[in-house]
Structure formats: structure tokens, C-alpha cells
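Open the structure in your viewer and keep the selection tool at hand. This tour goes stop by stop, telling you what to select and what is there.

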Amino acid sequence: MENNTQNELDVLQREQIQIPQILPDFRKLTEFYDSDYFMANLIYDGDDLGLTYGVEGIRLKFWAPVASKVNLLLYQNAEDLTPLFIYPMEKDVKGTYSLSISALADGLYYLLEVDHQGEKTYTPGPYVTSVSLNGEKGCILDLRTTDPEGFRYHEAPELENPVDAVVYEVHVRDMTIHHDSGAAAKGKYLGFVEEGTKNEKGHATGIDHLKELGITHVQLLPVFDYNCLDESKDEGQYNWGYDPLNYNVPEGSYSSDAANPKARITELKSLIMGLHKNGMGVIMDVVYNHTSDSLLSNFHKSVPLYYHRSADGSFTDASACGNETASERPMMRKFMIDSLTHWVKEYKIDGFRFDLMGIHDTQTMLEIEKALRKIKPDIILYGEGWTGGESPLAEEKRLVKKNISQTPGIGAFNDDFRDGVKGHVFFNHRGGFVSGAGQEESVKFGIAGAVKHKDINYDDIMYTDFPWAENPGQSINYVSAHDNLTLHDKLVEVNKGKSAETIKDMAKLANAIVLTSQGVPFIHAGAEFLRTKYGDHNSYRSPDSINALHWDLKSRNIDMVNYYKGLISLRKKYKAFRMRTQEEIEENILFYTRERKAPLKLKSANVVSYILKDPYDNQTFLVAFNGSDSDQEITLPKASWDVLVDKFQAGTACLWRTEQKKVSLKAHSALVMMTEGLLPLSSD
């Protein structure tokens with residue numbers, strides 16, 4: 001073993017003769033990274049990159065295959081400019097440098113001085129797990145000391161299948177920063193899980209609101225350490241956080257003490273444990289597709305241009321943020337896997353939402369899933385099946401929506417469904433089904449969970465012309481998210497001059513469709529009480545007055561909150577709304593059209609209705625949605641029907657019963673009815 005190691009070091013020393021000649025030319029450097037020699041000799045597969053803390057000291061391993069020298073600079077205080085000690089790191093195998101220091105106390109700070117033939121950069125390294133204020137230096141910290149009491153042994157709720165999830169997307173600060181949130185630690189990790197908080201009208205806020213609503217999973221907008229905010233300031237700053245700085249460290253602005261490296265870790269763990277103890281999983285929004293800066297990123301400082309895609313020596317930009325990462329390269333792939341497993345093992349994260357997942361290559365995403373399921377078999381994984389621009393990596397190699405069938409355990413956002421229901425996200429005036437603008441086939445496509453179904457005309461779907469999901473767990477069904485206008489604001493733009501009550505009806509209908517559809521329902525925080533951002537379609541750095549959840553709206557729209565609550569309880573009770581396979585869906589759902597004469601007659605367009613046979617229990621549902629401005633009369637199959645959802649109420653209790661042949665489907669409303677026994681699915 002020692003001889004092999006020495007041989008590898010000898011090869012590395014010889015290779016250093018070539019590297020200075022090619023380093024200034026980025027184009028040649030990237031060619032070197034993709035060479036057979038580099039792939040065979042300089043790809044490190046060990047599990048010890050970064051800082052390893054032990055009782056006898058620390059060990060640091062850093063991958064820098066084109067660096068001529070690397071030093072560890074130790075600082076007494078985070079703000080010090082002059083290092084306390086400088087330790088040369090030793091060249092190790094496969095392009096790594098390593099260093100062991102015994103009996104080193106917690107609380108010191110560090111940087112790596114990376115010398116690329118006279119050009120020096122300073123970085124805590126991509127693998128850093130604890131940092132100083134604003135992520136400028138790494139901190140030597142035993143992560144075992146950061147656990148809140150009971151954290152290591154508490155259990156997260158289990159998820160049998162992705163379709164059993166009801167996902168609620170929210171920003172940590174938005175959740176409690178409003179004056180009417182009732183929280184003490186407003187805008188902070190700890191405020192997020194304060195129990196017993198109420199608004200001025202006495203209605204539950206914060207985590208109690210989520211429990212009341214019935215949410216199963218909270219998707220947090222980025223909580224890794226991002227770049228754009230000054231963590232030393234608490235007021236007058238806001239950002240969504242899609243500009244990654246240190247991927248493996250919590251963001252400090254949500255901490256009670258951002259200057260204390262331990263506080264941000266302990267408090268995020270407290271948030272996660274608080275949600276777990278209240279029956280909710282935690283999904284982390286991750287942004288591995290680009291870095292906040294290009295030349296100044298920790299990736300580029302460590303190994304110039306290796307972790308990013310490039311063309312002719314320049315950064316390419318499929319993210320529309322200045323660069324894109326090269327997930328197909330072995331060490332970027334390894335970094336993503338190592339980073340994600342760190343969040344699962346150290347923080348007990350239950351799932352990941354991948355920003356601009358269409359930038360990542362499919363093979364990397366498959367390997368990510370394999371690695372994570374070994375640790376947590378029920379992990380939920382999904383992302384955006386698109387990019388923000390053109391990428392040099394061929395589309396057939398990337399996990400865009402059209403390729404999602406290659407990854408049956410990973411889902412994608414169903415934008416066909418989203419825009420079919422509410423209208424085009426990029427054209428404010430263009431409406432969708434709930435505003436009377438048709439798009440019935442796109443709505444049906446979402447109802448069926450984006451899988452193959454004989455009753456859907458794929459030529460009439462908004463953006464794709466084929467069933468891209470292999471199973472309904474791959475279809476993330478939604479009508480609004482942090483991007484673009486809120487659902488309320490979009491409906492107001494489309495329906496200028498219409499009453500507030502009509503807008504409310506449309507909003508109720510939109511998520512009634514989402515919450516009764518096959519697939520994974522996803523709710524944007526505050527949609528349940530008509531959240532507005534006052535027409536701001538890109539509020540990523542707008543003030544709290546725009547972004548905060550205004551908890552007084554809950555009291556003003558408590559009927560709507562109760563409606564969403566009822567829809568969620570209906571979904572949870574009846575597995576018919578959560579079928580697992582394409583075969584089940586096609587066998588048990590029959591959509592009705594104007595061409596079909598029985599057993600359901602439609603008089604108008606802009607109505608979607610179907611029979612849903614429950615494959616798990618002896619009952620049949622009739623589900624109908626009316627997006628038009630007028631009431632519609634529908635003719636029912638002969639049976640005794642219990643109405644569970646109508647225009648005004650939703651839940652699992654019978655609202656009223658009918659045996660009539662005809663029933664009125666109110667304008668901009670949903671109707672869910674149930675009868676005992678299995679009615680035959682027939683189009684005759």
C-alpha cells in the first residue's frame with residue numbers, strides 16, 4: 001500500500017512540470033480535466049474530504065490537483081487578518097493535500113491558501129461545514145456539540161409513497177416576520193417552530209397553522225449559506241437565497257447570533273426537530289446548478305474552472321446567473337452526493353427540491369438517488385425540469401422534464417398543469433381553466449399525474465405532447481410557488497374588474513384541483529388565505545412588507561383556510577386520490593367529455609369531470625370542476641351520492657345527499673361526491 005502511494009506521488013510530481021504551462025489558458029486547462037490521464041490519476045474517491053474532527057485533533061483533506069502548494073492558515077478570531085499559525089499541507093494521493101494537527105481546540109478559524117503557480121486564492125474549501133460571519137472563514141467545530149437535546153435520536157415521520165405528501169413551500173423569514181405572527185423570534189429558525197402563536201384575532205399562526213392545515217412536508221426556500229446578505233445586519237435586508245456560497249452550512253441571517261458558528265447549526269436543527277415532532281417532514285431547496293460568483297466561488301478558487309461548464313475558456317450560463325456547474329464531472333458529482341448525504345446524516349433532512357434540475361445530468365441524479373436511499377429509503381426528491389438558458393451539455397443527457405421517465409424515483413414540477421389551471425406565468429393577462437379560458441386537456445393531464453391515460457388528448461397540452469411521468473409520484477402538482485405572481489395576484493391580473501368573491505372562488509377551485517389530483521400536491525405558503533405580493537412577480541429581494549405572510553389575511557379569509565383544510569383531510573382519508581401507479585390510474589379514472597352520452601352529460605366547455613373508482617375500498621367518487629362564469633347542469637349516474645366538496649365547504653363529512661339525476665355545478669367551483677359500491681367505468 002505504501003509503495004503504491006509513493007508511486008502515485010511520483011507521478012504527481014512529474015505531472016507538475018506540465019501544469020504551469022497550461023494553467024493560464026483556461027481552454028487548455030479544461031481539456032486537461034477531461035483527459036484520460038486526469039480521469040485515471042487525479043480523481044479522488046475517498047470519503048474524507050474537508051475537515052474531520054476527532055478527539056485527538058483534526059485531519060484536513062483538500063482536493064486541488066493543479067495547485068503547486070496549499071497552506072492552512074489558522075486564526076484566533078474570525079475578523080483577524082493575520083494568521084496565528086501557518087501549516088503547509090502535504091501532497092497526497094489523487095490530487096489531494098492533507099494535514100493532521102493534534103490537540104486543536106474548537107473555536108479557531110481557518111482559510112486555505114491555494115497557490116496556483118504564484119496566483120494565490122483564499123477559501124475555506126467547498127466542503128466546509130461551519131463558518132464565521134458571512135461565510136468568510138471556516139470554523140473548527142465538533143458538530144456533535146451542536147445537537148439540541150434529543151436531536152440525534154428523535155424520529156422523523158415516515159413517508160410510504162411521495163403521493164402521500166402534501167408539500168408547503170415557505171421562506172423561513174416570511175413565516176413569522178409579520179407583526180401579527182405572534183412569534184417572539186420573528187424571521188428566525190427558532191421563531192418558525194414556536195408553538196402556541198396566534199394573530200390578533202386569535203387564529204393560529206406559524207407551525208400551529210401548518211398542523212391545523214394538515215401539511216405533511218415543509219419545503220424551505222434555501223437555508224444553506226448564501227452570499228448576498230450581510231449577516232451582521234438584521235434589518236432592511238431580504239433575499240430568497242438562490243446564490244450559494246457555502247453549500248454545507250446553514251445560512252446565518254436566520255440565526256439568533258450569526259457571528260456564532262454553532263448557533264446557526266443548532267437552531268436549524270431545532271427547526272427540523274420541531275417540525276418532525278409535529279408530524280411534518282422537511283424538504284430542503286438546494287441550488288447545486290450554479291454558484292453565487294464565478295471567479296470568486298470556492299469551487300473556482302480550489303480548482304479553476306473544474307466544477308463549472310465552460311466553452312472556449314469562459315463560463316457557460318444555463319442558470320442565467322452567470323455560470324452553471326458541471327455535474328457530469330466526477331468530482332462535482334461526488335461533491336453533490338457528499339453534500340446531500342451530509343444534510344441527511346447531520347441534519348435529518350427528509351427530501352430535496354433541486355433548483356433548475358434540468359442543468360444536472362441524468363446519471364448524476366440517479367447516483368444521488370441511489371446514495372440517499374441507502375441512508376433514507378423514503379426520501380422525496382424532485383426538481384425543476386428546465387434550465388434558465390442554453391447549456392453545452394446535450395439535452396438528452398440532462399434531467400429535463402422530457403427525460404424524467406429515466407428517473408422513476410425523482411419527480412418534476414408539472415408546469416403544463418400549473419399554467420393550464422391558472423394561466424401562463426410569463427404573460428400576466430393570459431388566463432387558464434379557472435378563469436374560463438379552457439385548457440381542459442392540461443387540467444386532465446395534471447389530474448392523471450402526468451402518466452399515460454387513454455382519455456387525454458396530448459396534442460392539446462400546453463407545453464408537452466406526451467405523458468412524461470412513469471408514475472404519479474413524479475408529478476409535482478401546483479398552481480403557484482415563490483416564483484412569479486402569487487395565485488391571488490395572477491387571478492386579479494387575468495380577471496380585472498371581477499369581484500373579490502369571484503377571485504376567491506377561482507383560487508379555491510385552483511387548489512381544489514391540485515389537492516384532488518393524482519401525484520404530489522404542492523401549496524405555496526399563504527395561498528390558503530389569498531396571499532398577495534401586491535403584483536410583485538419576482539420578489540427575491542423585495543422588503544418584508546411584500547414577502548411576509550400577512551397573518552391578518554388568515555382571519556379575513558378563514559372560510560378559505562377551512563376549505564383547504566377540508567381538501568387535505570379528504571385527500572388523506574381516501575387513497576383513491578393517491579394512487580401509486582399508471583396502471584391503477586388508467587384503470588380507475590374515466591374522464592367525461594361532451595361527446596360521451598352517459599353516464600355524465602356536459603352542456604358546456606370549461607368543465608372537467610370524471611368518475612374515480614376507489615381501488616382500495618368499495619366506493620366510487622364523482623369529481624367535477626367548473627371554470628366557467630355560469631352554473632352548469634350535469635347528469636349523474638344513478639346512485640345515492642354523498643357530497644363531500646362543493647363551492648363553499650370541503651372535507652370528509654357528508655354536506656348533503658342526493659339521488660337526483662341532475663345537479664347544479666356552480667360557476668368557478670368544485671364538486672366531489674361519493675357513493676358506496678363500485679360503479680362500472682363505461683364510456684357507452
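A residue counts as buried when its relative accessible area is under 20%, and as exposed when that area is over 50%. Keep those cut-offs in mind; several stops rely on them. One more thing before we start: this is a predicted model.

**Stop 1: the whole chain**

Show the chain as a cartoon. Its secondary structure comes to 19 helices and 29 strands. The radius of gyration is 27 Å, close to the 26 Å that the globule rule gives for 684 residues, so the chain is as compact as a globular protein of that length. Along the principal axes, the C-alpha atoms fill a box of roughly 85 × 55 × 45 Å.

The accessible area is about 25700 Å², and carbon and sulfur atoms hold 48% of it. Of the 684 residues, 63% are buried. Look at the contacts too. Among those with a separation of 6 or more, 71% join residues 24 or more positions apart.

Colour by charge. The chain has 74 positive and 98 negative charges, and their mean positions are 5 Å apart.

**Stop 2: a four-stranded sheet**

Which strands form the open sheet, and in what order? The order is β1-β2-β6-β5, with antiparallel pairing. Select residues 50-54 for β1 and 90-91 for β5. These are the edge strands, and each pairs on one side only.

Stay with β5. Two bridges join β5 to β6, residues 96-102, and the two run antiparallel. Pick Lys 91 and look across: Tyr 97 in β6 stands opposite.

**Stop 3: a loop and a hairpin**

Select Ala 78. You are in the loop between β3 (69-75) and β4 (85-88). Leaving out residues up to four places away in sequence, Ala 78 touches Tyr 109, Ser 132 and Lys 137.

Next, select residues 109-116, strand β7, and residues 119-123, strand β8. Five bridges pair them in the antiparallel sense. Glu 113 stands opposite Tyr 122 in β8. Two residues lie between the strands of this hairpin. Click Gln 117 in the hairpin: phi is positive there, near 55 degrees.

**Stop 4: an enclosed strand**

Go to residues 244-250, strand β13. Is this strand buried or exposed? Seven of its seven residues are buried, so β13 is largely enclosed by the rest of the structure. Asp 225 stands opposite Asn 246 in β13.

**Stop 5**

Select residues 487-494, helix α14. Its buried residues are Leu 487, Asp 489, Lys 490, Leu 491 and Val 494. What do they pack against? Show α12 (415-422), α15 (500-516) and α18 (558-573): those are the partners.

Step back to Asn 484, in the loop between β20 (475-477) and α14. Asn 484 has a positive phi of about 65 degrees although it is not a glycine. Asn 484 is buried, with a relative accessible area of 16%.

**Stop 6: His 178 and His 550**

Select His 178, in the loop between α5 (172-176) and α6 (189-192). With a relative accessibility of 10%, His 178 counts as buried. Leave aside the neighbours within four places in sequence. His 178 then contacts Lys 186, Ala 548, Leu 549, His 550, Trp 551 and Asp 552.

Follow that list to His 550. This residue sits in the loop between α16 and α17 (552-556). His 550 is buried too, at 15% relative accessible area. Again setting aside residues up to four places away in sequence, His 550 touches His 178, Phe 529, Tyr 534, Asp 544 and Ser 545. Now pick Asp 174. The C-alpha atoms of His 550 and Asp 174 are 8.8 Å apart, while the residues are 376 apart in sequence.

End on Tyr 534, one of the residues that His 550 touches. Tyr 534 lies in the loop between β21 (520-524) and α16 (544-547). Its phi is positive, near 55 degrees, in a residue other than glycine. Is Tyr 534 buried or exposed? With a relative accessible area of 53%, Tyr 534 is exposed.

Note on methods
Residues are numbered from 1 along each chain as its sequence is written. This is a predicted model: local features need pLDDT of at least 70, side-chain atom pairs count only at pLDDT 80 or more; totals for chains, interfaces and linings use all residues. Side-chain values use heavy atoms; hydrogens and water are left out. The radius of gyration is taken over C-alpha atoms; the globule rule is 2.2 Å times the number of residues to the power 0.38. Buried means under 20% relative accessible area, exposed over 50%, partly exposed in between (1.4 Å probe, protein chains only). Contact means heavy atoms within 4.5 Å. Accessible areas come from the Shrake-Rupley method with a 1.4 Å probe; for residues, only the protein chains shown count as cover. Lys and Arg count as positive and Asp and Glu as negative; His and the chain ends are not counted. The place of a charge is taken as NZ of Lys, CZ of Arg, CG of Asp or CD of Glu. Two strands pair if DSSP finds at least two bridges between them.
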